[in-house]
Structures are given as C-alpha cells and as structure tokens.
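The sequence and structure are shown first, and the discussion follows by topic.

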Amino acid sequence: MPVYPLAPRGTIAPGKLFADQHGAVAQLHGVGIQHLDGLFYAWGEDKSAGATFAGVACYSSPDLATWTSHGHALTADPGVPDIAPGRVVERPKVLRRADGTCVMLLHIESPDYSCARLGWAVSDQPAGPYRYLRSERPKGNVSRDIGVFQDDDGTGYVLSEDRANGLHIYRLSADLLHVEEIVSTTLTKPGAHPAGPHGYESPALVKAGGLYYLVGSDLTGWSTNDNQVATATSPTGPWSDWADIAPPGTATYDSQTSVIVTVRGTQTTSHVYVGDRWIKDDLFHSAPVWLPMEIGDGRARLRWHDSWTINPVTGVVAGQPSAPPG
Ligand code: DGJ
C-alpha cells in the first residue's frame with residue numbers, strides 16, 4: 001500500500017493531500033472554489049467510489065489551507081438517474097445568485113463518457129444540501145469538462161469542452177439556470193498537439209487587470225500535459241495565441257487545471273492555481289497541486305513551491321519558489 005503524504009495542516013504543499021479537521025483525506029478533486037461570507041468554500045468530487053459518483057464533497061477554509069469538511073453538498077441518489085450511484089459526475093462548480101442562493105453546475109456522465117451533459121443543482125446556502133434539477137446538452141452540444149465564471153456585473157458564464165468543436169464559453173441566464181448563447185469558441189493551436197485538432201478541457205477563466213485569462217489543458221484523459229493560457233479583453237474574445245503556464249515539458253508540474261482562485265487582500269490581489277495530479281487507478285488519493293499564479297500583462301505563470309501559504313487578509317503569499325522534485 002503506497003504511502004500518501006499529507007500536507008501539514010494550514011500549509012499548501014503541492015503534491016501532498018489536504019487532511020480535513022478529522023484527519024481524513026479531503027476530496028478536493030476537480031474542485032470549484034468561491035469566496036463567500038468570509039470563507040473559501042470548495043466543492044470537490046468525492047472519489048470514495050473510484051471514478052463513479054459518491055457525492056459532491058463540500059469544505060470551507062479561511063486560508064485555502066485549513067479545510068473543514070461539511071459532508072456531502074450533493075449526494076448520490078438512486079432515484080435520480082443523472083446522479084445515481086454508478087454514474088460519473090465531475091467538476092462541480094458553484095455560482096452565487098443575487099438573492100444569495102447558490103447554483104451548482106456539474107458534468108453529468110455515464111461510465112463510458114458518452115452522456116456528456118451539463119447538470120444543475122440549487123441550494124439556499126453554499127454548503128448545501130443541493131437539490132438536483134436537470135441536465136441538458138447546451139445548444140445541443142457535447143459538454144464534458146466545465147468551468148464557471150461570474151463577471152463584475154454578475155453575468156454568469158459556463159465554459160465547456162466540446163471535443164473537435166472546441167472549448168465554448170456560454171452566457172447563462174440571469175438566474176444562472178439556463179444557457180443563453182455561445183459567446184466564444186476557442187480551438188487548439190493548429191499542430192500544437194499530435195492528437196489534434198481539438199479544443200481545450202478543464203477550463204478556467206479569471207479576470208485580472210481588466211483582461212480575461214482562459215486556462216485549460218490538452219485532452220489526454222487522466223494523464224497530464226502542458227496546460228496553456230489565452231487572453232482577451234472580453235469573454236467574447238477574440239482570444240490570443242495560447243502560451244504555456246509552466247515550464248514546457250513539466251506537464252504543468254504534473255497537474256491539470258481545475259480553477260483559478262482570486263484572493264483580494266488589503267495589500268495585494270493574488271491568484272491561486274488549483275490543479276489535480278490524477279492517479280487513474282486510485283482517484284481518491286489524487287493529490288492537489290496548488291501554486292501561486294503570477295498573472296499580469298497578458299501572461300500567467302506558475303513557479304514550483306514545495307510549501308507555501310497565503311494570507312487571506314493581506315493577499316500576500318509566503319514561501320519561496322524552489323526546484324520541483326525530480
Ligand atoms: C480528463 C478530464 O479533465 C477529467 O475531469 C476526467 O473527465 C478525465 N478526463 C476522464 O478520463
């Protein structure tokens with residue numbers, strides 16, 4: 001039985017698992033994160049049942065490092081086909097509505113990944129319980145990995161991977177419960193990847209200094225690859241060329257993007273790259289690879305840190321870049 005190292009509580013140690021308040025391995029896989037009511041809330045895939053659905057686990061933290069489990073925000077339900085045990089449900093992402101209620105968007109799948117739908121659930125509070133509503137193929141399109149983004153004016157977007165047709169950004173309705181229109185579509189750079197042409201997956205969108213940064217990975221299943229970033233002055237694009245976010249050949253320090261968190265502090269605004277280092281045959285123990293992300297002037301860059309923290313009040317990162325483990 002391999003030994004899975006845990007990060008010391010209160011620190012972020014990329015490649016090491018977070019433990020919750022009980023010492024259990026936090027299930028922060030494919031996670032969505034929002035800062036709500038003074039805490040960071042995280043909704044992750046609970047991989048207790050391997051690749052198939054056990055529930056969406058919810059955690060909160062004051063500092064992105066000290067996680068408290070709130071149990072399942074959405075539980076597998078044998079009576080609801082989309083979220084029944086044996087199905088695959090990935091990348092839970094939550095947005096908050098103007099009235100304070102929360103909407104969870106989900107990748108609803110079958111074990112052979114042929115279902116490819118976008119699902120919705122709602123709750124009165126961040127930690128749930130969430131009530132599952134329904135799923136659809138947005139505008140008739142295949143929808144696998146998703147990300148979400150809410151602009152300063154409250155407009156919600158869902159980012160969704162549609163294989164050879166690319167990565168779509170859809171604008172959501174004001175209540176966040178419906179897809180209104182595709183505002184832009186991006187494709188992989190011609191020739192960038194031998195398996196292409198196709199789009200990006202594990203999409204994340206973040207706004208910094210008035211510019212939108214779109215981050216995603218190539219489509220290589222549970223294997224990692226060099227994730228990239230493109231920029232635009234609007235979610236409608238046009239998007240720039242794509243550029244690596246980590247030293248090429250490191251496969252993004254062996255991780256795949258899940259979300260980019262913005263920490264708005266009194267001294268600075270920082271960004272946190274939140275990625276997964278999947279272990280295909282032991283998804284439960286897939287480690288978080290979370291790193292400070294330097295974003296500005298159209299660039300987004302990760303540098304390896306063995307261990308680091310972020311002050312949620314000031315926004316200042318503590319910890320020095322170091323050589324990644326060989
Ligand atoms: C890559 C995706 O990013 C993951 O979320 C998961 O769907 C795997 N593919 C499944 O192979």
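## Ligand site

In this predicted model, an N or O atom in the side chain of Asp145 lies 2.4 Å from an oxygen atom of the ligand. On its own the ligand has 290 Å² of accessible area, of which the protein covers 89% (Shrake-Rupley method with a 1.4 Å probe; for residues, only the protein chains shown count as cover).

The residues around the ligand are Glu90, Arg91, Tyr113, Asp145, Glu201, Gly221, Trp222 and Gln256, where a residue qualifies if one of its heavy atoms lies within 4 Å of the ligand. Of these, Tyr113 has a positive phi of about 60° although it is not a glycine. Tyr113 lies in the loop between β6 and β7; strands are DSSP runs (E, at least two residues) numbered from the N terminus, as are helices (H or I, at least four residues). With a relative accessible area of 26%, Tyr113 is partly exposed, the classes being buried under 20%, exposed over 50% and partly exposed in between (1.4 Å probe, protein chains only).

## Basis of the values

Residues are numbered from 1 along each chain as its sequence is written, and side-chain values use heavy atoms, with hydrogens and water left out. Because the model is predicted, local features need pLDDT of at least 70 and side-chain atom pairs count only at pLDDT 80 or more, whereas totals for chains, interfaces and linings use all residues.

## A buried aspartate without a salt bridge

Asp276 is located in strand β18 (residues 269-277). This residue is buried yet has no salt bridge, and Arg91, the nearest side chain of opposite charge, is 4.6 Å away. A salt bridge requires a side-chain nitrogen of Lys or Arg within 4 Å of a carboxyl oxygen of Asp or Glu; for charge, Lys and Arg count as positive and Asp and Glu as negative, while His and the chain ends are not counted.

The side chain of Asp276 instead reaches the backbone nitrogen of Gly30 at 3.2 Å. Beyond its neighbours within four places in sequence, Asp276 is in contact (heavy atoms within 4.5 Å) with residues including Leu28, His29, Gly30, Asp254 and Gln256.

## Salt bridges

The structure holds 13 salt bridges. One of them pairs Glu45 with Lys47, with the closest N and O atoms 2.7 Å apart. Glu45 counts as buried because its relative accessibility is 3%, and Lys47 is buried because its relative accessibility is also 3%.

Arg144 and Glu109 form another salt bridge, at 3.4 Å between the closest N and O atoms. This pair links distant parts of the chain, 35 residues apart: Arg144 is in the loop between β8 (131-136) and β9 (146-150), and Glu109 is in strand β6 (residues 102-109). Both Arg144 and Glu109 are buried. In the salt bridge of Glu136 with Arg134, the closest N and O atoms are 2.9 Å apart, and Arg134 is partly exposed, with a relative accessible area of 27%.

## Backbone geometry in loops

The bond from Gly128 to Pro129 is cis, with omega near 5°, and Pro129 is in the loop between β7 (117-123) and β8. The bond from Gly237 to Pro238 is cis, with omega near 0°, and Pro238 is in the loop between β15 (228-232) and β16 (243-244).

Leu64 has phi near 65°, a positive value in a residue other than glycine. Leu64 is located in the loop between β3 (55-61) and β4 and is buried, with a relative accessible area of 0%.

## Leu74 in strand β4

Leu74 belongs to strand β4 (residues 68-75) and counts as buried at 2% relative accessibility. Leaving aside neighbours within four places in sequence, Leu74 is in contact with residues including Phe53, Val56, Ile83, Met104, Leu106 and Tyr132. The C-alpha atom of Leu74 is separated by 31 Å from that of Thr186, 112 residues apart along the chain.

Note on methods. Polar contact = N/O pair within 3.5 Å; in protein donor to acceptor, adjacent residues only side chain to side chain.
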